[in-house]
Each structure stands twice: as C-alpha cells, then as structure tokens.
Amino acid sequence: MSAFVSAAGGLQLALITPWAVLLLFTLPRLRTPAVYLLPIAPLPALVLAFCGSAEAVVWRPESLPGIGFVLDATAGAFLLPAALIWSLAGAFVLAWFGQRPNPGFAALWCLSLGGSLGLVLADGVLAFYVALGVMTFAAYGLIVYSRDTAARQAGYRYFLMMSVGELCLLTAVALLAARSAPGEFLAFEAVLAGAPTVPLVLFGIGFGLKLGVVGLHSWLPRAHSVAPVPASAVLSGVMIKAGALGWWRVVEPGLGNMPSWGMTLVVLGVIGTFYGALRAMFSARAKTVLAWSSVSQMGLIVVVAGLALSEPAAVASAWTATTVFVLHHGLVKAGLFLGVGVFMRTGQRTLVWVLLACLALALAGAPFTGGLLAKTALGLAATPTAYAEWMPAMLYLSSVVTMLAMLRFLAVVRQERAVGTQFGGWWLLGTWCGAVVLALALPWRWFAGEPLVADSVGLSAVWGASWPLLLALLVASAWRWLPVTGLGGWGRPLPCLEQASVQRLWQVGALCLTRLERGLHRWPIIGHSLLVLALVLLFVLGQSAVGSKWPPF
C-alpha cells in the first residue's frame, strides 16, 4: 500500500515539477537561476519510470473535470526515454547557449516538457489532447528561436500542418463528446465504441502528422534541421513519438482485429521507411540527413502498428517491438543530434566523429546494438502474420538503406563549420558521452529478460545484421566515385562510370523526389484541409448545441 501511495505522489510530482519551474520565469529575479533547473525538471518523471508501481496508478484532479492521468505499462514504456532525453538535452541547453541561456527559450522548453510528460501520462482522450496541444505549439517557439529566414519558413509550415492535426483531433474529440452522456469521462476505449470510422480516421490523420507518416511529414525535416541542437534532440527523440503513443492508446481495444487498417499501415510504413532513407541520401546537411532518417525510422514504427492490428497473436510481440523502437530510436537519434552540436563546439572532432559512427551503426542495426534488438523484435512480431514471408527481406533492405543514409551523414557532418571551443565545451562533451553510453547500453539492459535478446546474439542473427551493412559499404565505395556532386562528391570518378547517362539518371531521380515532395504539400491542399475540418467541427458543435443526436453512427 505504501508503494502505491508513493507511486501516486510520484505521479503528481512528475507532472507538476515542469510547471513549477515554469512559474519561476514569471519572477524577474529568478528567471536566470531557473534556467539551471532544466536538467532537473524531468528527474521526478525519470525516477517514476524506473521505480513505478506494478499496478496502474491513477490521478484525476477534482479541480479539472474530465482530466485524468495514469501510470501503467504503456505510459511507463514511453516515460523512460522521454524523461531521460529531456534531462540530457536540458543539461545540453546550459552549455549550448553559453553563460547566460535565454530565459524565453527556457520557458518554452518547460512548457514543451510539461505537455510532453502530460500526454505520456494522460488517462483519457481529453487530457491527451490538451497536453499534446500544449507541447505542439510550445515547440513552435523552439523551432523559430533563431528567427532567421529558414527558421521562419520552417516554423510557418510546422504551425500550419500542426494546426491541421490539432483540428483533426479536436473534431474527433467533439464527435466522441457528442455521442457520450453529459459529463461522461472520455476514456480511450470510447473511440472504438459503436461505429468508429470517422473519429478513427481523424485520429489517424492527427497522430500521423505528429509522427511524420509519409505524406504528412513535410514539416519534420525542415523543423528539425533549423531548430537549435537541443530542441532538435527532443523533437526527434521524444515529441514525434506522441503520435505512436496516441494511436496505440485509441486502438488498443481493437488490436489484432482490424486487418484492413493493419494492411494500410504496413504499406504506409514500408513506403515511409525507404522514402525517408532515400531523401536522407540526397541531403547535404547533417541535421537534414538525421531528420529524413527519422521519417524512415518512424516508418518502421508504423509497420509495427500495422502488425499489431492485423493478427491477435502478434499483439504482444508488436508491443515489445514498439517499446524497443521508442527507447532505442529516441536515445540514438537524440545522441546524433546532440553530437552534431558537440562536433561544432568542441576541439575533439576526431573522438566525436568516432562516437557518432557508433551511434550511426546502432541506428542501422549493427550487431550488439539496440537497432538489432528493434529489428529482431519487429521480425518476431511479423512471424504470426500474413507478412511473415517478405518481412525479413524488407528488414534487410531497410538496414542497407539506413546504413547508406548514415554513411552520408558521417560524410557531411565533417563539413560542418567548427566554431571553436566555447563556454561549456567540456561540459558538452561529457554530457554527450554519457548520452552515447546510455544509447548503446540501456536497451540491452532494459530488455535483458526478453526472449528477443537471446534471438539477437546468435551467430545467424549477428551475420544477418552484418551483411546488409557490409553491402552498404560496398555500394558506398562505388557511389563515392560517381560523378554526381549533389549526391556525394566523395572522390574522383572511375573511368568506367564517367558517362553522362549515369549522371543524368541520378539527377533525374533527385528531381523526381523533390517534385513529389513539393506536390504532396502545396499550400492550397493544407488550406482546403483546414477549411473542410473547420466546417465539420462547426457542424458537429451546432448539432450538439441544438440537442440533435449526432453523429448518426
């Protein structure tokens, strides 16, 4: 009983701490000292994730009707990487901005942190929606912090596309409220009650925008590449996972019994996996490569979500795969983004590049890394499904393209301009080295008791993880000689490949990808989407106001 009470108190403390730190920024004399609390604000949540109760702990504040929070197995799996990355990135903020970090940026940071932890621990649709909105629009301030032209353009696109997502979610919540009794708590299970097609589609679009699903991803590479390095780390390592958590929450009662939805997600996930990796290989800046690789890796999470909906026997292993992916990708991608900043700010460029290579190998699924655990878990989830025959081939090929994208990253990061050793250079390096160790070791420690660990250390598993990376190295060895400056420019072309047809082939491929990307996200499409969703929302609210029974499903 005492453990349960302490867990309940820990839940409240984890939720309240970021807002308490935020309140300090309202006091002029405390603004500067409050900045130094950024690494501490997520620590109660981190302790809660490590020491939480085995039973679900629920807190529903009496002053906030309809709002509830819970610490259960689902929340715990997302809370650990979220709190850990927020704490590491918060420590990074102190050194990144010098001796006097900007209090405005720090306040937005706390606001984003509060929303992030709130949505992870949300119990019910309304709490999740409110917390997600807080995090989403506070993150806009982090993205446009530099206020240059690129940041403003990226922020503009982010704001409009997130507005579409928020309006989708608001309309879905309104539909649920309209068909519920007055004052009824909107649990996640209510989404699939009755005929859920329209709310589920709206939730899918809203969460897909947050996750960066292919076709809804245009904001992601732009925002991540222009944001300050610490903000990029939490954007890619934590915030985009909100879409995966929200989708899992709303479809959890129907897992294994929605094969048509599952097939749709598997197809979208596979397309996103390879499209994101290809765009990463065509990118010229280190952070842009990492942003596009996030689109690719989120494609794998979408595949896992599709597997969970397709077959009841795959639900447990799909959940394990989801938790492995969330922990592994969050830590590795945060480490890569932070590593770009360390590479620019410290004099230890060779050491930093070697550690970046270790993280890149982990992302590609090298032996004895969290990436191999994640892909092994995905393969186990696919075994009882209709996708079992071709899923291993897809995973092998995804390792090849991910490794090629990471080789591209390791090549272009060396071109990043060094700004010399500034305040906190060694603090940056030390904090980041700790993050690298956690990214490489924690997934193996955290899932030590899972069967997938034994499946990941056998000789066949090690060879299966090794040969795609070796193949990628062979391809890159030839690719670096191709006479295409935009793709690599890594060396002198071989005489046998000095042909205009080869150069034209790559240039046409790059042009086609660029035109496809622009066509998917033209401003009229976004504007029309906002208009249609606004009309639907107004209709639902109007029908509810006059007492009509709507929606009729």
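Author: A contact means heavy atoms within 4.5 Å. In this protein, residues 24 or more positions apart account for 81% of the contacts with a separation of 6 or more. The model is predicted: local features need pLDDT of at least 70 and side-chain atom pairs pLDDT 80 or more, while totals for chains, interfaces and linings use all residues. Residues are numbered from 1 along each chain as its sequence is written, and side-chain values use heavy atoms, leaving out hydrogens and water.

Reader: How many helices and strands are there in the protein?

Author: Helices are DSSP runs of H or I with at least four residues, strands runs of E with at least two, numbered from the N terminus. The protein has 22 helices and two strands.

Reader: How is burial read, and how many residues of α5 are buried?

Author: Buried means under 20% relative accessible area, with a 1.4 Å probe and protein chains only. Of the 553 residues, 58% count as buried. Helix α5 (residues 103-120) is mostly covered, with 14 of its 18 residues buried.

Reader: At what angle do α6 and α10 pack?

Author: Angles run from 0 to 180 degrees between N-to-C directions, with axes fitted to C-alpha atoms, for helices over the stretch in contact. Helix α6 (residues 125-143) and helix α10 (residues 229-239) pack at about 150°, their axes 10 Å apart. The two are therefore roughly antiparallel, a term for angles over 145 degrees.

Reader: Which residues make the contact between α6 and α10?

Author: M135, A139, L142 and I143 of α6 meet A231, L235 and M239 of α10.

Definitions and conventions:
Angles under 35 degrees count as roughly parallel, over 145 as roughly antiparallel, 65 to 115 as roughly perpendicular and the rest as oblique. Buried means under 20% relative accessible area, exposed over 50%, partly exposed in between (1.4 Å probe, protein chains only).
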